[in-house]
Amino acid sequence: MWRAPRISYLVTRLSKVNVSDVSRCYSQMLSQPSFSQTKSESVPCDQKANGREIPKHYIGENVSRKDRTKFLLTTLRDIDDSKEAIYGALDAWVAWEQNFPIGALRNILISLEKEQQWHRIVQVIKWMLSKGQGTTMGTYGQLIRALDMDHRVGEAHKFWEMKIGTDLHSVPWQMCHLMISVYYRNNMLDDLVKLFKGLEAFDRKPRDKLIIKKVANAYEMLGLIEEKERIMEKYSHLFIEEGPRPVRKGGRKSSATKKKKQPNESIQDSEEK
């Protein structure tokens, strides 16, 4: 197909991991407008491949989503570790799409997370947020976790304060538990206590005893024994182990039991006959 030599050329050029080469290589590969433009707009192009004129439509339509995603993942693994190089590659890659490929990027982030490429995850998510995309609690949580694992807890704390911590009355407990765990793991006990008190001020009631254990330990390490005892008593119901469910008396017998005849019943039936 006409696109085969062009993709080969693009891969060869990207291997040089120079951001100027990346941008120029993509610009030669792509002749369509960015994802924000409408599908109805035509793309003028007079380039030729194998002696034939390139069709005047999106090149991205001629490459499968799986191949495009695999291509970006390979590029992110090999490219220079700089903001300019990463953002340049992502900007060029997204030009393949008519709409912002949030689903494909989430799959890429999952793959990077499995490989524990925390620094690269941070770069990709920050690029997404700079485009106004991925502004969900799931993406925010993934960024905070990646920052923590990349030993950048200060940035994680700052991001929490700016984007999430200002709205504690509606932040999901899963996100709150994540941040409490980040503070606990990094010995930021004052910030942990401040966060929990803020949640209590909105009458937020934790449903996980692990949260209470971490807060209680933080109070103890800070020498606030009375506060530790207070929350342990207040949330003592979370530590009550549920026993086995009682068997209902007079419950219905199973159909198998009903159908099974007793020996005496069989003898009585035969005598009546």
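The following legends describe close-up views of a predicted model.

**View 1. The largest nonpolar core and Trp-160.** The largest nonpolar core has 61 residues, and within this core Leu-105, Ile-144 and Trp-160 touch the most other members. Helix 9, which runs over residues 173–185, makes the greatest contribution to this core, with eight residues. Leaving out residues up to four places away in sequence, Trp-160 touches Ile-144, Gly-165, Leu-168, Val-171, Met-175, Cys-176, Met-179, Tyr-183 and Leu-195. In soluble globular proteins, nonpolar side chains tend to be buried together.

**View 2. Leu-76 in helix 3.** Leu-76 belongs to helix 3, residues 65–78. With a relative accessibility of 1%, Leu-76 counts as buried, because the limit for a buried residue is under 20%. Residues up to four places away in sequence aside, Leu-76 touches Ile-86, Leu-90, Ile-108, Leu-112, Arg-120 and Val-124. One of these residues, Leu-112, is 36 residues from Leu-76 in sequence, and the two C-alpha atoms are 9.3 Å apart in space.

**View 3. Gln-123 in helix 6.** Gln-123 is a residue of helix 6, which covers residues 118–130. Its relative accessibility is 9%, so Gln-123 counts as buried. Apart from neighbours within four places in sequence, Gln-123 is in contact with Asp-81, Ser-82, Lys-83, Ile-86 and Tyr-87. Ile-86 is also among the residues that Leu-76 touches.

**View 4. The aromatic pair of Phe-100 and Trp-127.** Three aromatic pairs are present in the structure. In one of them, Phe-100 and Trp-127 are stacked, with 5.6 Å from centre to centre and 25 degrees between the planes. This pair links distant parts of the chain: Phe-100 is in the loop between helix 4 (83–94) and helix 5 (102–114), whereas Trp-127 is in helix 6, and the two are 27 residues apart. Both Phe-100 and Trp-127 are buried.

**View 5. The aromatic pair of Phe-196 and Tyr-235.** The ring centres of Phe-196 and Tyr-235 are 6.2 Å apart and the planes stand at 75 degrees, so this pair is edge-to-face. Distant parts of the chain are linked here as well: Phe-196 is in helix 10 (residues 189–201), and Tyr-235 is in the loop between helix 12 (225–234) and helix 13 (255–259), 39 residues apart. Phe-196 has a relative accessibility of 0% and therefore counts as buried. Tyr-235 is buried too, with a relative accessible area of 2%.

View 6. The buried residues of helix 7 are Thr-139, Tyr-140, Gly-141, Gln-142, Leu-143, Ile-144, Ala-146, Leu-147 and Asp-148. These buried residues pack against helix 5, helix 6, helix 8 (153–164) and helix 9. Ile-144 is also one of the core residues that touch the most other members. Helix 7 is followed by His-151, which is found in the loop between helix 7 and helix 8. The phi of His-151 is positive, near 60 degrees, in a residue other than glycine. With 74% relative accessibility, His-151 counts as exposed.

**View 7. Gln-116 between helix 5 and helix 6.** Gln-116 lies in the loop between helix 5 and helix 6. Although Gln-116 is not a glycine, its phi is positive, about 60 degrees. Its relative accessibility of 56% means that Gln-116 counts as exposed, because the limit for an exposed residue is over 50%.

View 8. At the start of helix 11, a side-chain oxygen of Asp-208 comes to within 2.9 Å of the backbone nitrogen of Leu-210. Ile-211, Ile-212, Lys-214, Val-215, Ala-216, Ala-218 and Tyr-219 are the buried residues of this helix. Their cover includes helix 9, helix 10 and helix 12. Gly-223, which follows helix 11, has a positive phi near 80 degrees.

Notes:
Residues numbered from 1 in each chain as written. Predicted model: local features only at pLDDT ≥ 70, side-chain atom pairs only at ≥ 80, totals over all residues. Heavy atoms only, no water. Core = buried A, V, L, I, M, F, W, Y, C linked by side-chain atoms within 4.5 Å. Buried < 20%, exposed > 50% of the residue type's maximum accessible area, 1.4 Å probe, protein only. Helix = DSSP H or I, 4+ residues; strand = E, 2+ residues; numbered from the N terminus. Contact = heavy atoms within 4.5 Å. Phe/Tyr/Trp six-rings, centres within 6.5 Å; stacked < 30°, edge-to-face > 60°. Polar contact = N/O pair within 3.5 Å; in protein donor to acceptor, adjacent residues only side chain to side chain.
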